[in-house]
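Please look through the structure below with this briefing beside you.

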Amino acid sequence: MKTALSIAGSDSSGGAGIQADLKTFQATGTFGMTAITAITAQNTLGVQASEIVSPELLEAQIRSVCDDIRPDAVKIGMVGNADSIRCIARLIQDYQLKNIVLDPVMVATSGASLLASDQVQSLQEDLIPLAKVITPNLSETSVLYGQEVTDEASMEEAAKALSDRYQVAVLIKGGHLKGKAWDVLADTNGLHWLQAAHIDNPNTHGTGCTLSSAIASYLAQGYPLKEAIQKAKVYLTGAIAAGLDLGHGHGPLNHAYRYQKN
C-alpha cells in the first residue's frame, strides 16, 4: 500500500486539517501518517484557540515517520510559523521527499491573515520551490501574486506567473467564483482548466485540505499530476454532494461517502 504524510494542523472538530487529511487518504486508497504543526480548538463556527508545536517536536515527528515508513507523497497545510517552515523545508531536502503538495494556508475564511509577512516570505523562499504543486485559493493567490485575483482571466495570469517564478506547478482553486467549481493548473505543459459540478451546499469546511490531500494520495499511487488532480476533484465533489449536515456553522464534508450504502 502506498503511503502519504500530512504535515498540518489539528482540527478538533474533525472537518479540516490532519483529521480531514487522514480520512481522505483512507478513502482514496493510501495509508496516511501525520506530523502536527499546531493544535487548534475549532469547530464549524471558527477557531477558538491554537498553539504551535515547537520546531523540535515537529522535526521529531517527521523523522520518526520517515525513518520507518517512508512517505510516497507529502501534503503540507497549516505550517505554524517561519521556524516550522524552515524545519519542514530542511527535512524535505534531508530525506529527498517527493510528490510534495503544498496548500499554502495563509488567509482564513474570514479574510484574516494567518501568517505574518516574514512567515509568508519564508514560505515563498524556503518551501514553495520544493513543491510539486501548490494549491492556493483566490485570496492566497492574491497574496503570492501581489495583485487581486478575482476572475478567470486573472487566475490564468497569476497561475502562469507563479509557476514561472517558483518553477512548480500551480493549481489555483476557483471555488469562490460565483456558481462555478473551476480550477486552473499551470505547469510545464501550459494552462489547463479543470471543471467540476458546482454543488449548492454551505457545508464546505475542509474542502481545501481534502482536495490537496486527495491529490497527494493519488500522486503517491503513481498517477500523473493532471490525472491526480482530476481524480481528487471527483472525490471532493462527491464528498460535498453527500450532504452531511453537522454543527451550527459551515459543516464538514462526508469523507466516507464512497463506503456508505444508499
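Gly 208 is buried, because its relative accessible area is 18% and buried means under 20% relative accessible area, exposed over 50%, and partly exposed in between, with a 1.4 Å probe and protein chains only. The model is a predicted one, in which local features need pLDDT of at least 70 and side-chain atom pairs count only at pLDDT 80 or more, while totals for chains, interfaces and linings use all residues. Residues are numbered from 1 along each chain as its sequence is written, and side-chain values use heavy atoms, with hydrogens and water left out.

**Gly 208 and its surroundings**

- Gly 208 has its place in helix H7, which covers residues 207-220; helices (H or I, at least four residues) and strands (E, at least two) are DSSP runs, numbered from the N terminus.
- When neighbours within four places in sequence are left aside, Gly 208 is in contact with Asp 103 and Lys 173, where contact means heavy atoms within 4.5 Å.
- The C-alpha atoms of Gly 208 and Glu 56 are separated by 27 Å, and these two residues are 152 residues apart along the chain.

**Salt bridges**

- Eight salt bridges are found in a search of the whole structure, a salt bridge being a side-chain nitrogen of Lys or Arg within 4 Å of a carboxyl oxygen of Asp or Glu.
- One of them joins the side chains of Glu 59 and Arg 63, at 2.9 Å from N to O.
- Both Glu 59 and Arg 63 lie in helix H2 (residues 55-66), where they are four residues apart, about one turn of the helix.
- An α-helix has 3.6 residues a turn, so residues three or four places apart point the same way.
- Glu 59 also forms a salt bridge with Arg 90, and here the closest N and O atoms are 3.0 Å apart.
- This pair links distant parts of the chain, since Glu 59 is in helix H2 and Arg 90 is in helix H3, 31 residues apart.
- Arg 63, with a relative accessible area of 27%, is partly exposed, and Arg 90 also counts as partly exposed, at 35% relative accessibility.
- Glu 59, Arg 63, Arg 90 and Asp 94 are linked in a network of salt bridges.
- Another salt bridge is formed by Lys 233 and Asp 183, with the closest N and O atoms 2.8 Å apart.
- This pair too links distant parts of the chain, with Lys 233 in helix H8 and Asp 183 in strand E8, 50 residues apart.
- Lys 233 is buried, because its relative accessible area is 9%, and Asp 183 is buried, because its relative accessible area is 5%.

**The second largest pocket**

- The second largest pocket holds about 190 Å³ of space.
- Its lining residues include Lys 160, Ser 163, Asp 164, Gln 167 and Val 168.
- Helix H6 (152-166), strand E8 (181-187) and strand E9 (190-196) each supply at least two residues of this lining, and the largest share, three residues, comes from H6.
- Gln 167 is found in the loop between H6 and strand E7 (169-173), and this residue has a positive phi of about 60° although it is not a glycine.
- Gln 167 counts as exposed, because its relative accessibility is 66%.

**Thr 3 and Phe 31**

- Thr 3 has its place in strand E1 (residues 3-11) and counts as buried, because its relative accessibility is 7%.
- Leaving aside neighbours within four places in sequence, Thr 3 is in contact with residues including Thr 30, Phe 31, Met 33 and Ala 220.
- Phe 31 is found in strand E2 (residues 31-43) and counts as partly exposed, because its relative accessibility is 39%.

**Helix H4**

- The buried residues of helix H4 (residues 117-127) are Gln 119, Val 120, Ser 122, Leu 123, Gln 124 and Leu 127.
- These buried residues pack against strand E4 (73-76), helix H3 (82-95), strand E5 (100-102), helix H5 (138-145) and H6.

**Asn 99**

- Asn 99, which lies in the loop between H3 and E5, has a positive phi of about 55° although it is not a glycine.

Note on methods. On a 1 Å grid over the protein atoms alone, a cavity is a set of points where a 1.4 Å probe fits but cannot get out, and a pocket is an open set with protein on both sides within 12 Å along at least five of seven lines; lining residues have an atom within 4 Å of a point. Grid points are joined across faces, edges and corners, and a volume is the space filled by probe spheres set on the points.
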